[in-house]
Amino acid sequence: MRRLGTKVAALLLAGAGLTLAVPGTLGTASAAGSRTAAAAGCTAGWGSLPKVSTETDYKPLRDIRTGRHACYDRMVLDVLGPDAHGPIGYRVGYVEAMHQDGSGDVVPVGGGAILDVRVAAPAYDPRTGQATYDGRARQPLPDVDLSGYRTFQDTRFGGSFEGVSQVALGVRGRLPFRVFQWGNHLVVDVAHSWRGFR
């Protein structure tokens, strides 16, 4: 069963892309003191093409949270498991519309562009079927308030299908972004503008 799930997720997550592993803080940026540190990590290796990693350990999704930084907005997907072990598979890329996995239904998402975030971490424990994340299909992410964000404008949870959870992130436009794993966290950063990126 696990082998079949691995193959299915690899197909769902497959595609051209670049994985960028860059260390950084996961919390929200504080005022001016952290702006200099945040800006230093915002100048290279970003772009608007899909980012993909197919290696995964299939740990359940636990939480999704967001934070504001000096030159980007950040979304962090937490999975259950030890902090420093086990790869998290993903495919993150811009789409014209969010099509919910399984049904194919279009889910309305606000913003000038939509990032489709797929992570090989189901919102339930595969052994017991018990929910590990309380997001509801087609609804905004629970406990995520985007008031005051410069880039993020909307979120929608697509649900979990075949071991992959889907999240839509509505942003201002097709801005540069990066994706990296930090322990048991998958981090998606979207720049406030194209200035300083290449």
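Is Asp57 buried, partly exposed or exposed? Asp57 is partly exposed, at a relative accessible area of 28% (buried is under 20%, exposed over 50%, partly exposed in between; 1.4 Å probe, protein chains only). This is a predicted model, in which local features need pLDDT of at least 70, side-chain atom pairs count only at pLDDT 80 or more, and totals for chains, interfaces and linings use all residues. Residues are numbered from 1 along each chain as its sequence is written, and side-chain values use heavy atoms, without hydrogens and water.

**View 1. Asp57 and Lys59 form a salt bridge.** The N to O distance is 3.4 Å (a salt bridge is a side-chain nitrogen of Lys or Arg within 4 Å of a carboxyl oxygen of Asp or Glu). Lys59 is partly exposed at 22%. The count by this rule is 9 salt bridges.

**View 2. Arg174 pairs with Glu96.** Their salt bridge spans 3.0 Å, N to O. Arg174 sits in the loop between strand 9 and strand 10, and Glu96 in the loop between strand 4 and strand 5, so the pair ties together parts 78 residues apart in sequence (strands are DSSP runs of E, at least two residues, numbered from the N terminus). Arg174 is partly exposed at 41%. Glu96 is exposed at 72%.

**View 3. Arg178 meets Asp189 in a salt bridge.** The closest N and O atoms are 2.8 Å apart. Arg178 belongs to strand 10 and Asp189 to strand 11. Arg178 is buried at 3%, and Asp189 is buried at 0%. Arg74 joins Arg178 and Asp189 in a salt-bridge network.

Methods: Helices (H or I, at least four residues) and strands (E, at least two) are DSSP runs, numbered from the N terminus.
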